[in-house]
Amino acid sequence: MPVTTTPTLALTRRPRRLRRNEAIRSLVRETRLTPDCFIYPLFVCPGRGVRREIGSMPGVFQLSVDEAVKEAAAAKADGVPAVILFGLPDQKDLVGSAAADPDAPVQSAVRALKREVRDLLVITDVCMCEYTSHGHCGIVEGDEIVNDVTVEHLAQAALSHAVAGADIVAPSDMMDGRVAAIRSILDDRGFDQTAIMSYAAKYCSGFYGPFREAADSAPQFGDRRSHQMDPANVDEALREVEIDLAEGADIVMVKPALPYLDVLAKIKERFGQPTATYHVSGEYAMLKAAAQRGWIDEPRVMMETLIAIKRAGADMIITYFARDAARLL
Ligand code: PBG
């Protein structure tokens, strides 16, 4: 038998040795995705038996409390440990009164979920934009969102979530001082065990577009540039995180995810604190739209996206893909 001798390069390092088969690749894999790092967003609306799909977010629904319970139970069964709730109130007004209403959709959903879905971790988004008639994240005077007055409203909303039984409250408004105010009101009222997940570095991003359809929270005039961060900044994100930790945040968040992985990596490295990131509606919508056209392989890019976020330093990921990804893992 003629033997063909393969020419051999004099190489001392051959990285491909560790990529030869799945067993070896798995042995040297540096980052692992597990469903226990996923947080699943739910949009809770009034009514019963409501399950309304959001046009720009295929597979995501506005759900009445009873349907939210079913969805959360199914997510839990898939291995997703936590949900984050957003509310669509019956009524909106100038000061977002429904934000702290004990019988509004979010507060009702928290009670139902804590009662009916065993061991589910319930997180609530705390912001005014879903509750104000103008769609802004706070109380507006003239064309200004007034910080300190807004903070009082946010603290009341967070308290109402804690009273309903939320495990974690997550202020997403980007007002100054809201973490301290929330910590203080929670402690005063005996909720010292309710944790705060702060949207600490939340950028003013076009990637929130589909969410504003989902939560009916688009600002009716102006934009969010006076409180959300300029996409160009990273030192500022570190300052925001430092302030929120000093005010008592237990978990800090970077949002959106993929366009800000550098920010996430720096924050994790600098502070070493529990760090979340939000893979937001527009990021989800882009992948869904391309997948629907057959332009990308959805499960593959979904997993690649989530592992990239984890690799960059996220301990937990808020994602509309939570159930799909958990089922694949
Ligand atoms: C504010 C809030 C927003 C998102 C989460 N909390 C919208 C905004 O700031 O305009 C966006 C989440 C997403 O896009 O998926 N309550």
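Predicted model: local features only at pLDDT ≥ 70, side-chain atom pairs only at ≥ 80, totals over all residues.
An N or O atom in the side chain of Arg212 lies 2.6 Å from an oxygen atom of the ligand, and the side chain of Gln228 places an N or O atom 2.9 Å from a ligand oxygen. A nitrogen atom of the ligand, in turn, is found 3.1 Å from an N or O atom in the side chain of Ser172. On its own the ligand has 400 Å² of accessible area, and the protein covers 100% of it.

The peptide bond that joins Lys255 to Pro256 is cis, with omega near -5°. Pro256 itself sits in the loop between β10 (251–255) and α8 (261–271).

For Asp119, phi is near 65°, a positive value in a residue other than glycine. This aspartate belongs to the loop between α3 (105–116) and β5 (121–126). Is Asp119 buried or exposed? Asp119 counts as exposed because its relative accessible area is 62%, where the cut-off for exposed is over 50%. Asp216 also has a positive phi, near 50°, and is placed in the loop between α6 (209–214) and α7 (235–247). With a relative accessible area of 47%, Asp216 is partly exposed.

A further aspartate, Asp66, is found within a helix, α2 (residues 65–78). Asp66 has a relative accessibility of 18% and therefore counts as buried. Leaving aside residues up to four places away in sequence, Asp66 touches Gly47, Arg48 and Gly49. With Gly49 there is a polar pairing: a polar atom of the Asp66 side chain lies 2.8 Å from the backbone nitrogen of Gly49.

Turning to the strands, β3 (residues 57–64) has seven of its eight residues buried, so this strand is largely enclosed by the rest of the structure. Strand β1 (residues 38–45) runs parallel to β3 and is joined to it by three bridges; here Phe43 stands opposite Gln62. Strand β2 (residues 51–54) is antiparallel to β3, with four bridges between them, and Arg51 of the chain stands opposite Leu63 in β3. Two residues separate β2 from β3, and the pair forms a hairpin.

The cysteines complete the account. How many disulfides does the structure hold? The number is zero. In general terms, a disulfide is a covalent bond between the sulfur atoms of two cysteines. For Cys127, the closest cysteine sulfur is that of Cys137, and a bond is ruled out because the 3.9 Å between them is too far; the cut-off for a disulfide is a pair of sulfur atoms within 2.5 Å. Cys127 is also buried, at 3% relative accessibility. For Cys204 the closest cysteine sulfur is again in Cys137, at 9.4 Å, which is likewise too far for a bond.

Methods: Residues numbered from 1 in each chain as written. Heavy atoms only, no water. Buried < 20%, exposed > 50% of the residue type's maximum accessible area, 1.4 Å probe, protein only. Polar contact = N/O pair within 3.5 Å; in protein donor to acceptor, adjacent residues only side chain to side chain. Contact = heavy atoms within 4.5 Å. Areas by Shrake-Rupley, 256 points an atom, 1.4 Å probe, with all protein chains shown as cover. Pairing = 2+ DSSP bridges.
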